[in-house]
Amino acid sequence: MKPDTRNIILENTTLIPELFGSQDLNLKLIEKKFNVRITTRENHIKIKGDPEDVEIVESLFMQMEKLHEANLPVENGDVKFAIRLISEDSQADLKAIFSERIAVSPKKGYITPKGPAQHQFIQSIRQVDIVLSIGPAGTGKTYLAVAMALEGLLQKKFKKIVLVRPAVEAGEKLGYLPGDIAEKINPYLMPLYDALSDMMEASDVRHLMDEGTIEIVPLAYMRGRTL
């Protein structure tokens with residue numbers, strides 16, 4: 001197949017440091033992922049390779065520039081994530097995915113959906129009151145739900161968030177645990193604590209929980225409560 005060459009001019013030069021990466025590491029990653037050759041001079045980019053690969057890389061650059069134009073912050077890690085998305089699905093709409101990022105705290109910055117399923121999950125939470133999500137462990141169900149609740153709290157959409165999780169053992173009997181009721185149920189609720197700790201400073205989590213703004217409750221203790 002005859003190689004193709006495309007020339008791109010980035011209108012917004014402030015995007016270049018994040019897009020190219022330190023010592024052009026992002027450009028080298030793009031070259032490796034899509035088997036193309038990229039040369040740059042200031043805001044001019046030349047892409048050479050198989051026509052299909054060149055077209056995908058051109059789309060990647062143009063979509064990244066549109067993110068910047070839409071005032072969606074683009075950081076170095078976002079570029080690597082975008083490269084992975086486009087390499088897995090050349091038709092991926094980066095603007096649609098990045099527009100669903102969750103702003104949780106200065107510590108975490110933005111949480112970006114890692115694929116179409118997480119993107120749809122976040123969209124559903126924004127659009128309707130009750131969302132049921134089914135999937136294997138480790139796919140982000142709890143993490144994203146906590147992030148969305150925290151975003152709403154910080155944006156003053158809610159006065160309080162109650163995180164509820166069933167106290168279910170994972171196949172093994174833990175037996176009788178020592179301590180008061182809180183200490184007995186804490187092991188079952190650790191995924192919620194882990195998610196909060198990853199998104200906020202520990203002191204902020206403790207403060208919000210002490211004043212009752214964030215409450216973590218086993219499902220069995222929700223019967224009869226009015227919120």
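This tour moves through the structure selection by selection, stating what is found at each stop.

The structure is a predicted model, in which local features require pLDDT of at least 70 and side-chain atom pairs count only at pLDDT 80 or more, while totals for chains, interfaces and linings use all residues. Residues are numbered from 1 along each chain as its sequence is written, and side-chain values use heavy atoms, with hydrogens and water left out.

**First stop: the salt bridges around Arg 6**

Select Asp 4, Arg 6 and Glu 58, which are linked in a network of salt bridges. A salt bridge here is a side-chain nitrogen of Lys or Arg within 4 Å of a carboxyl oxygen of Asp or Glu. Between Asp 4 and Arg 6, the closest N and O atoms are 3.1 Å apart. Between Glu 58 and Arg 6, the N to O distance is 2.4 Å. Glu 58 lies in helix H3 and Arg 6 in strand S1 (residues 4-9), so this pair ties together parts that are 52 residues apart in sequence. Helices (H or I, at least four residues) and strands (E, at least two) are DSSP runs, numbered from the N terminus.

Colour these residues by accessibility. Buried means under 20% relative accessible area, exposed over 50%, and partly exposed in between (1.4 Å probe, protein chains only). Arg 6 counts as partly exposed, at 24% relative accessibility, and Glu 58 is likewise partly exposed, at 21%.

**Second stop: along helix H3**

Next, select helix H3, which covers residues 51-69. Glu 55 has its place in this helix and counts as partly exposed, at 49% relative accessibility.

Which residues is Glu 65 in contact with, leaving aside its neighbours within four places in sequence? They are Ile 9, Leu 10, Glu 11, Asn 12 and Leu 15, where contact means heavy atoms within 4.5 Å.

Now select Phe 34, Leu 60, Phe 61, Met 64 and Leu 94, which touch the most other members of the largest nonpolar core, a set of 32 residues. A nonpolar core is a set of buried Ala, Val, Leu, Ile, Met, Phe, Trp, Tyr and Cys residues joined through side-chain atoms within 4.5 Å. At least two residues of this core come from each of helix H1 (16-20), helix H2 (25-34), strand S3 (44-49), H3, helix H4 (76-88) and helix H5 (94-98). H3 gives the most, with seven residues.

Centre the view on Met 64. Not counting residues up to four places away in sequence, Met 64 touches Leu 15, Leu 19, Val 74, Val 79, Ala 82 and Leu 94. Apart from this core lies another, of 25 residues, among them Val 104, Phe 121, Leu 189 and Ala 195.

Select Asn 35, in the loop between H2 and strand S2 (37-41). Asn 35 has a positive phi of about 55° although it is not a glycine, and it is exposed, with a relative accessible area of 58%. Then select Asn 71, in the loop between H3 and H4. Phi of Asn 71 is also positive, near 60°, and this residue is exposed, with a relative accessible area of 68%. Most residues other than glycine have a negative phi.

Select Lys 141, Thr 142, Ala 145, Val 146 and Val 164, which lie nearest the centre of the largest pocket among its 42 lining residues. On a 1 Å grid over the protein atoms alone, a pocket is an open set of points where a 1.4 Å probe fits, with protein on both sides within 12 Å along at least five of seven lines; lining residues have an atom within 4 Å of a point. The volume of this pocket is about 1400 Å³, counted as the space filled by probe spheres set on the points, which are joined across faces, edges and corners. Helix H6 (116-127), helix H7 (141-154), strand S6 (161-165) and helix H8 (181-199) each supply at least two lining residues, and H7 gives the most, with nine.

**Last stop: Lys 160 and Glu 215**

Finally, select Lys 160 and Glu 215, which form a salt bridge with the closest N and O atoms 2.9 Å apart. Lys 160 lies in the loop between H7 and S6 and Glu 215 in strand S7 (residues 214-218), so the pair ties together parts that are 55 residues apart in sequence. Lys 160 is partly exposed, with a relative accessible area of 38%, and Glu 215 is partly exposed as well, at 21%. A search of the whole structure finds nine salt bridges.
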